Amino acid sequence: RGAVDQQIEQLGEGGYDIEYRIIRPDGEVRWIRTQAFPVHNQDGRIYRVAGIDEDITERKAAAAALSESEARFRQLAENINDGFWLVDASGVLYVSPAYERLWERPAAEFYASPGQWLTTVHPEDRERVQLAALEKPVDGRYDEEYRILRSDGAFRWVRDRAFPIRNEQGVVVRIAGLTEDITARKQQAEAMQLLIDCSRSTGRAFFATLVNTMAQVLGVRHVLLCEWSTA
């Protein structure tokens with residue numbers, strides 16, 4: 001009420017435009033938008049005020065619901081371990097903090113140049129990933145595993161999935177995606193395969209192969225293998 005009174009007191013040549021709530025006789029609260037315009041006489045003085053009142057309750061409710069929905073979306077996207085991204089025809093709409101951490105690159109780089117993402121893909125995986133990114137996201141078949149080069153020079157394995165978002169007419173308007181760091185899983189699978197290969201060796205070659213395998217699994221140059229006996 002105070003804000004409305006202040007607007008009326010300050011009514012000048014340009015009128016006013018204010019949104020406020022009213023309480024109806026049945027106790028229901030409604031949002032109203034009032035636009036007022038001064039009417040001048042021949043001497044240029046204001047002698048009348050014309051106004052339009054509009055019920056904007058539904059619009060306010062829709063705006064509040066949208067704001068709450070956006071807040072929940074950000075809370076979810078910013079607290080999941082997987083990187084989350086959202087794009088449309090205009091470019092990148094959203095990149096989550098987890099996506100930034102995985103790539104070790106600021107989101108600003110992705111917003112400014114969406115195509116830069118492809119340059120971070122390992123050269124051996126790039127052509128396959130590029131082709132998949134062009135053809136598969138719209139029908140929901142995009143699910144690729146590939147290597148990326150981070151800013152610190154290290155390669156990481158990721159699983160990248162994309163899902164189409166359609167409007168009421170069924171037209172794809174956005175693409176949402178999840179990117180998961182699967183480096184540990186890939187390393188475990190590689191280590192298991194190395195150990196399997198090692199187990200096929202026999203005789204004196206077994207120990208040489210075992211040492212070699214352990215060095216690869218541990219990511220070191222040398223491994224000392226010895227037997228400890230208390231006898």
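The model is predicted, and local features need pLDDT of at least 70, side-chain atom pairs count only at pLDDT 80 or more, and totals for chains, interfaces and linings use all residues. Residues are numbered from 1 along each chain as its sequence is written, and side-chain values use heavy atoms, with hydrogens and water left out.

**Exercise 1.** State how many salt bridges the rule gives, and describe the bridge between arginine 150 and glutamate 104.

*Solution.* Begin with the rule: a salt bridge is a side-chain nitrogen of Lys or Arg within 4 Å of a carboxyl oxygen of Asp or Glu. Applied to this model, the rule gives 19 salt bridges. In one of them, the side chain of arginine 150 meets that of glutamate 104, with 3.5 Å from N to O. Arginine 150 is in the loop between strand E6 (143–149) and strand E7 (155–166), while glutamate 104 is in the loop between helix H3 (97–103) and helix H4 (107–112), so the bridge ties together parts that are 46 residues apart in sequence.

**Exercise 2.** Determine whether arginine 150 and glutamate 104 are buried or partly exposed.

*Solution.* Recall the cut-offs: buried means under 20% relative accessible area, exposed over 50%, and partly exposed in between (1.4 Å probe, protein chains only). Arginine 150, at 15% relative accessibility, is therefore buried, whereas glutamate 104, at 35%, counts as partly exposed.

**Exercise 3.** Find the salt-bridge partners of glutamate 144 and compare their accessibility.

*Solution.* The side chain of glutamate 144 meets that of arginine 128 at 2.8 Å, N to O. This pair links distant parts of the chain, as glutamate 144 lies in strand E6 and arginine 128 in helix H6 (residues 123–135), 16 residues apart. Glutamate 144 also meets lysine 136, at 3.2 Å from N to O. Glutamate 144 itself is buried at 7%, while arginine 128 is partly exposed at 37% and lysine 136 is partly exposed at 23%.

**Exercise 4.** Describe how strands E1 and E2 are paired.

*Solution.* Two strands pair if DSSP finds at least two bridges between them. Here eight bridges join E1 (residues 16–23) to E2 (residues 29–40), and the strands run antiparallel. Isoleucine 23, for example, has valine 29 in E2 as its bridge partner. The two strands form a hairpin with five residues between them, and glycine 27 in the turn has a positive phi of about 90°.

Definitions and conventions: Helix = DSSP H or I, 4+ residues; strand = E, 2+ residues; numbered from the N terminus.
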